[in-house]
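Please read them alongside the coordinates.

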Protein chains: 2
Amino acid sequence: MQHQRPKIVDVARLAGVSTATVSRVLSNPEIVSAETRRLVEEAIRQTGYRLNQAARNLRIRRTGGVLALVPNLSNPFFSQILAGMAAVLAPAGYNLLVADTRAEGGRSILTYAEPSRADGLIVLDGTLPAEGFAGRLPLVLACEWIPGIAAPRVKIDNREAAMMAVEHLIGLGHRSVAHVAGPRGNVLSEARLAGTEQALAAHGLPAPMVFPGDFSLESGRRAGAAWLALPPHERPTAVFLASDAMACGFIGEVQHHDVMVPRDVSVMGFDDIELVSHMTPALSTIRQPREALGRRAAQRLLDRIGGDDRADDTILPVELVLRGSTAPPGG
Amino acid sequence: MQHQRPKIVDVARLAGVSTATVSRVLSNPEIVSAETRRLVEEAIRQTGYRLNQAARNLRIRRTGGVLALVPNLSNPFFSQILAGMAAVLAPAGYNLLVADTRAEGGRSILTYAEPSRADGLIVLDGTLPAEGFAGRLPLVLACEWIPGIAAPRVKIDNREAAMMAVEHLIGLGHRSVAHVAGPRGNVLSEARLAGTEQALAAHGLPAPMVFPGDFSLESGRRAGAAWLALPPHERPTAVFLASDAMACGFIGEVQHHDVMVPRDVSVMGFDDIELVSHMTPALSTIRQPREALGRRAAQRLLDRIGGDDRADDTILPVELVLRGSTAPPGG
DNA sequence: CTGAAAGCGCTTACAG
DNA sequence: CTGAAAGCGCTTACAG
């Protein structure tokens, strides 16, 4: 396949210089004289030479890859984050490798997280065990985070975001607001629940009824069924769900039982995935800056690989997006 | 980071053999005597040695990577296909690299498709120019395909699948069936449109009204608006859309204008993405075997890399999934 | 079955 | 500024 591919020695021969000089033109052009550089560049053009990254990587002892560990690849929420990462990593000469932490058949995901496979790690799953990462690759945590690990984090303020959502519902006149939480033990779940409770308490309202969930559509549907199972006068008039996927499941279930949104119940999601602006009613939600989250995480990892060892937090702003699924109680 | 990592020479020293022997134990154990092998394996265990893939790859002139070219990474339809690919590639020692053919800022996506970057290519975008692939990497086409390229294809029978969908609508009693097509020039769009026309013609029914689309939610919404704009008695009583995303957009738009599905219009999608089973009404659709598509495509690529040069088609079966969005005309 | 040696295609101290 | 040479960590004909 690559028999004819020119290598550095072919360029050197044609330009009448050593391979060292060609290499310098490639990786450090300013230390080569202008005339020599011109010669070499011309030879590169004539031969059609293209650098072999694998060889360079072996020599400089890096792999040229960055590994992203994602809790669920088939969740569209992550796709745009990954796109943001790739946009920063590619120009810096890194490939983005992606692994799904749930999909690994038995074998530990951490077998990938070693120096011969990747130069750095971006972890988007806060439920991985902290011990696994001790002294391994340069690391950045994005969106979720692992308590007890000192590494840069790129995230939103989940508590604040939840408060914004609930303040909106309170402002519409709702007095009983339920929350459908994310998976137990997940840092996002806890922060969003805490924000919900804090906003209600700040207005002297009772603590929220909390339904269990796991961010999935199906768990939102179950929460809808649980809400429907309540006696009508005990049903919270507004529900804030910790993910848009759950909000879709919830709305689907209650609509299926002839409950009208927002007349009978206001529904607020979290994430602003593309779909929810097309539903009937369109979903009010919290927009996360997904592309920016990915870019910043990648940028912080490049910093880290470059020797910057700060373990600081980058907090990106969210946006309250109001659509048709929320209204004053009673419609 | 990797100063202390043992290498092959450390293992050889401890085991009292040459590096060649250690290498053989690693890649070709059966040609080493049982006793020597035991010694080496013990030394590997004691040193904690792990193979450096980059070095092996340089030596055997492969990269250890397979590149998947996807038209739209943020479409959940592709995520599960990628998961299927990774499940086959990882055990074979290949990393899966993923690139979005639309997201590349100017720079040609084909700069990735070269021997120093990947050992093989799986293309899921039928709109890439055929010339770009001449004499490049081992190639497999999945889902979509590029006319004029001879390579193994792994796909469904899109025309047959469309016929199944339309036969279902006809069976319910619909006599006027519209089609919302995929993007023009896309091979899938054409096959699904052809199947729609063929099924209607086979029953002596008039050709379908065809609305333009591009597989996106938003284009489905526009088709909904176009349908609404027709005088009520001219509206087709059933609509078959070439993607579930478009079906979501369509339903959202018509429901927004107080049209009831399926009472006023039956809607049929294509793909069976997870969400559509949770909508109200749940969507009738064609299920594509996404995971299997990914696995088979990866398997065929491994064959190709291994020297198999057949350019055959693998056709995977689809499934007609009937839910609440389709019913006899008038409800 | 095993070892000595060359080499995959680069980069980089070292010397000039 | 430039070159000769060593070396990144492996694999594999070749010889024994």
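Which element supplies the largest share of the surface near DNA strand C?

1. The largest share comes from α4(A), with 4 residues. This is a predicted model, in which local features need pLDDT of at least 70 and side-chain atom pairs pLDDT 80 or more, while totals for chains, interfaces and linings use all residues. Residues are numbered from 1 along each chain, chains are lettered from A and ligands numbered from 1 in written order, and side-chain values use heavy atoms, without hydrogens or water.

2. DNA strand C is surrounded by 25 residues (near: a heavy atom within 4 Å). The closest are A:S23, B:T21, B:R24, B:T36 and B:R61. At least two residues each come from α2 (19-27) and α4 (53-60) of chain A and from α2 (19-27) and α4 (53-60) of chain B. Helices here are DSSP runs of H or I, at least four residues, numbered from the N terminus.

3. A side-chain N or O atom of B:T21 is 2.5 Å from a phosphate oxygen of DNA strand C, and a polar side-chain atom of A:K7 lies 2.7 Å from a phosphate oxygen. On the base side, the side chain of A:R24 has an N or O atom 3.0 Å from a base nitrogen.

4. A:G16, which follows α1(A), has a positive phi near 70 degrees.

Key. Polar contact = N/O pair within 3.5 Å; in protein donor to acceptor, adjacent residues only side chain to side chain.
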